[in-house]
Amino acid sequence: MKNKERTKPTKKKILTTYLVVAACLLVAAAVTVGVVFGLRNNSLPKDVIENPPVDNNPPDEGNKDPDDDKPILDTSTSYVFIMPVNNANLTCGQVFAYDKTMDWYREHNGLDFSANAGTQVYAAVDGKVTEVSVNDVLYGAVVTIEHANGVTTVYKFIDPVQSLKAGTTVSRGDVIGTIATATGVENKEGDHLHFEIYKNGTLADPDDYLEINPK
């Protein structure tokens, strides 16, 4: 009796077998994922699952005051300087010049506006007074005003109005005092206002802020 030859599997049967195995693996993976997520959700309270928490507190920025970034004053087209003294004679600019009082040449930091004692002195632009010193040995009395854009103005050899003090807000053209009798390190220059402008703490060019016409 002849041995029967083994029947070889057809390509169709092999492909069917692979598809069945792949389907089984996908079902097993789906079941595993479902079990894992089911266990996770069961470990959390129902209200947390249905209503996840929302963080209503943004990251702390060092308890930053929202007003910290605001400028001292709002800037606009009206932010234009005026002369601190009307009809005054500019006797010394911001130049290297001879100092009569000290009898030497030196860099003159600021502008000297010559006028009689008692002549009114005005705030050059809107700002806030940061210092009023009335006992300065070198400059008599000194008024310092802080403005927008990092600008500061300083008024020396002045008699401040009595109501002026640190923290006082002034508008451009407000009377902040009068020219005092000549004294201190510029007493031989006669009665005058010594006026300085600073930008971010550095002495600035007054021509950038004032239209000065020397007499």
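User: Which strand pairs with β4, in what sense, and over how many bridges?

Analyst: First, the ground rules. This is a predicted model, where local features need pLDDT of at least 70, side-chain atom pairs count only at pLDDT 80 or more, and totals for chains, interfaces and linings use all residues. Residues are numbered from 1 along each chain as its sequence is written, and side-chain values use heavy atoms, with hydrogens and water left out.

Now the general idea. Strands (E, at least two residues) and helices (H or I, at least four) are DSSP runs, numbered from the N terminus. Two strands pair if DSSP finds at least two bridges between them. Here, β4 pairs with β12 (residues 192–199) in the antiparallel sense, over four bridges. Look at D112: its bridge partner in β12 is H194.

User: Which strand does β1 join, and by how many bridges?

Analyst: Strand β1 (residues 89–92) is joined to β4 (residues 111–114) by three bridges, and the two run antiparallel.

User: How do I read an aromatic pair, and how many does the structure hold?

Analyst: A pair of rings is described by the distance of the centres and the angle of the planes. Rings of Phe, Tyr and Trp (its six-membered ring) pair if their centres lie within 6.5 Å; planes under 30 degrees apart count as stacked, over 60 as edge-to-face, and the rest as tilted. The structure holds four aromatic pairs. Take F81 and Y209: the ring centres are 5.1 Å apart and the planes at 55 degrees, so this pair is tilted. The two residues come from distant parts of the chain, 128 residues apart. F81 is in the loop between α2 (46–50) and β1, and Y209 is in the segment after β13 (202–203).

User: How far apart are the ring centres of F113 and F195?

Analyst: Their centres are 6.5 Å apart, with the planes at 55 degrees, so this pair is tilted. F113 lies in β4 and F195 in β12, so the pair ties together parts that are 82 residues apart in sequence. F113 is buried, at 1% relative accessible area. F195 is buried at 1% as well. Ring pairs link F113, Y155 and F195 into a cluster.

User: Which charged end sits over the ring of Y139?

Analyst: The test has two parts: NZ of Lys or CZ of Arg must be within 6 Å of the ring centre and within 35 degrees of the ring normal. The charged end of K156 sits over the Y139 ring, 3.8 Å from its centre.

User: Which residues line the largest pocket?

Analyst: Picture a 1 Å grid over the protein atoms alone. A cavity is a set of points where a 1.4 Å probe fits but cannot get out; a pocket is an open set with protein on both sides within 12 Å along at least five of seven lines. Lining residues have an atom within 4 Å of a point. The lining here is T91, C92, A97, Y98, D99, K100, R106, H108, D112, E186, E189 and H192. β1 and β2 (96–99) are the elements that give two or more residues to this lining. β2 gives the most, with three.

User: How does that lining divide by residue class?

Analyst: Ala, Val, Leu, Ile, Met, Phe, Trp, Tyr, Cys and Pro count as nonpolar, Asp, Glu, Lys and Arg as charged, and the others, Gly among them, as polar. The lining of the largest pocket has three nonpolar, three polar and six charged residues.

User: What is the phi of N149, and where is this residue found?

Analyst: Most residues other than glycine have a negative phi. N149 has a positive phi of about 65 degrees, although it is not a glycine. N149 is found in the loop between β7 (140–146) and β8, and is partly exposed at 42% relative accessible area. N200 also has a positive phi, of about 55 degrees, and is not a glycine. The place of N200 is in the loop between β12 and β13. N200 counts as exposed, at 57% relative accessibility.

Note on methods
Buried means under 20% relative accessible area, exposed over 50%, partly exposed in between (1.4 Å probe, protein chains only).
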